[in-house]
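Have the structure open in your viewer and keep the selection tool handy.

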Amino acid sequence: MSTSSEGRTVPQTDGSTPPRRAPTMADVAQVAGVSHQTVSRVLSDHPNVRDSTRADVQRAIEELGYRRNSSARALVTRRTHTLGVVACNPTLFGPSSTLAGLEEAAREQGYLVSTVTLRRYSASALKGAVEHLSDWGVEGIVVIVPYREAVNALTEFRLPFPVVTVEGGHTLPIPGVSVDQELGARLVTRHLLAAGHPTVWHVAGPSNWLEAEARISGWRSALEEAGAVVPPPLQGDWTPLSGYRAGQELAGRVAGADTRAGIPGVSAVFVANDQMALGVLRALREAGVSVPGQVAVAGFDDIPEAEYFAPPLTSVRQDFGAVGQASIRLLLSRIESRGNGADDEHIVIEPRLIVRGSSNTA
């Protein structure tokens with residue numbers, strides 16, 4: 001022990017002798033000159049603590065390097081301050097960015113996150129993930145549900161804690177948060193039509209992904225509203241390879257219209273994600289097709305590399321940080337209300353269109 005400049009006795013922390021134990025709440029109370037209960041109230045953000053006392057306790061905490069024992073706190077409060085997340089395909093940009101946003105938002109609220117990642121969603125895999133998180137004592141979970149099958153399965157579970165979905169659509173009787181995928185698709189399609197293209201071709205994502213469905217819907221509705229022909233969408237699987245193969249097919253349609261079907265030739269393409277757009281750009285380049293001179297190309301997600309594509313890629317930006325913040329706030333509100341909030345509460349985050357050289361001929 002040593003004496004501070006204010007005459008208080010504090011544990012030795014100068015590094016000359018390794019500390020024998022971590023500082024405790026009792027140490028904080030002694031340094032701050034308050035009771036153990038007062039320290040507990042400050043740590044719990046109790047309102048009935050004077051500002052000067054709170055400041056003394058905070059200074060003592062910083063001086064000692066005190067860290068709360070979460071296990072001991074859980075025994076007393078019966079709260080683990082741990083949230084669960086179930087995610088699939090975390091290597092893809094969208095799911096991985098959503099997961100990062102959730103974890104950051106949870107930390108800001110003082111919660112730990114326990115994550116279960118699945119190779120693919122199925123009713124049994126989803127049930128197993130929920131049971132695993134329940135065994136670990138999480139207070140609630142966020143489920144990133146891109147697949148329609150998973151959405152249907154989730155509604156059939158008897159869940160032991162509050163649940164919030166991300167990208168689970170708006171038809172679930174479960175609170176959720178999502179980006180307005182249809183709006184993003186409409187924005188990019190209208191942008192391409194406004195540039196003078198008679199129609200916009202589409203390379204779609206996997207048919208069982210809700211986001212892919214919504215992007216097709218937004219693309220189609222924008223074309224129909226403009227009175228433009230709706231070409232048959234080409235199917236992809238989010239990978240650059242599937243985009244490359246779709247690009248090869250599109251390159252063969254650049255020269256002119258398919259007169260038998262009355263479909264204009266390819267002059268503009270909306271690709272459902274940026275990785276597939278990378279494949280499309282390579283296929284067009286190899287076929288000698290100029291972008292944007294002959295064909296304008298736009299993607300979705302606005303990955304960090306998009307502005308470094310050749311040419312820089314026009315894309316729809318999703319605010320994954322906002323998704324994470326909204327999801328955690330919604331889940332915590334359900335936890336605090338003991339699940340008594342509205343089951344149909346859904347928060348929608350608007351995307352932004354980022355225009356770059358791949359669609360801009362000016």
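**Stop 1: a helix end**

Start by selecting Leu64, which sits in helix H3 (residues 51-64). Helices here are DSSP runs of H or I with at least four residues, strands are runs of E with at least two, and both are numbered from the N terminus. Is Leu64 buried or exposed? Leu64 is buried, at a relative accessible area of 9%. Buried means under 20% relative accessible area, exposed means over 50%, and partly exposed lies in between, using a 1.4 Å probe and protein chains only.

**What you are looking at**

This is a predicted model, in which local features need pLDDT of at least 70 and side-chain atom pairs count only at pLDDT 80 or more, while totals for chains, interfaces and linings use all residues. Residues are numbered from 1 along each chain as its sequence is written, and side-chain values use heavy atoms, with hydrogens and water left out.

**Stop 2: the whole chain**

Zoom out and colour by secondary structure: the chain has 12 helices and 14 strands. Of its 362 residues, 49% count as buried. Contact means heavy atoms within 4.5 Å. Taking contacts between residues at least 6 apart in sequence, 70% join residues at least 24 apart.

Next, colour by pLDDT, the predictor's confidence in each residue on a scale from 0 to 100. The chain average is 83, and 84% of the residues score at least 70. Select residues 1-11, where the pLDDT is below 50; this stretch has 19 contacts in the model beyond near neighbours in sequence. Residues 15-19 also stay under 50, and the model gives them one contact beyond four places in sequence.

**Stop 3: a six-stranded sheet**

Strands of a sheet pair through backbone hydrogen bonds, either parallel or antiparallel. Two strands are taken as paired if DSSP finds at least two bridges between them. Look for the open sheet of six strands, in the order S4-S3-S5-S6-S7-S13, with parallel pairing. Which strands are at the edges? They are strand S4 (112-118) and strand S13 (346-349), each pairing on one side only. Neighbouring strands of this sheet are turned by 15 degrees against each other on average, direction ignored. The axes behind such angles are lines fitted to C-alpha atoms, for helices over the stretch in contact, and angles run from 0 to 180 degrees between N-to-C directions.

Inside this sheet, select strand S5 (residues 141-144) and strand S6 (residues 163-166), a parallel pair with four bridges. Ile144 stands opposite Val166 in S6.

**Stop 4: strand S10 and its partners**

Move to strand S10 (residues 268-271), which is covered on both faces: Ala268 and Phe270 on one side, and Val269 and Val271 on the other, are all buried. S10 pairs with S8 in the parallel sense over three bridges, and Trp201 stands opposite Val269. S10 also runs parallel to S11, joined by three bridges; there the bridge partner of Val269 is Val297.

Now pick His197, in the loop between helix H8 (181-194) and strand S8 (201-204). His197 is buried, with a relative accessible area of 16%. Beyond residues up to four places away in sequence, His197 touches Leu192, Ser267, Ala268 and Ala296. What joins the side chains of His197 and Ser267? A polar contact of 3.0 Å does. (A polar contact is a pair of N or O atoms within 3.5 Å; within protein, one must be able to donate a hydrogen and the other to accept it, and residues adjacent in sequence count only if both atoms are side-chain atoms.)

**Stop 5**

Most residues other than glycine have a negative phi, and most peptide bonds are trans. Select Trp238, whose phi is near 85 degrees, a positive value; Trp238 is found in the loop between strand S9 (234-235) and helix H10 (240-251). Trp238 is buried, at 7% relative accessible area. Asp302 has a positive phi near 55 degrees, and lies in the loop between S11 and S12.

For cis peptide bonds, go to Val291 and Pro292, where omega is near 10 degrees. Finish at Ala310 and Pro311, joined by a cis bond with omega about -5 degrees.
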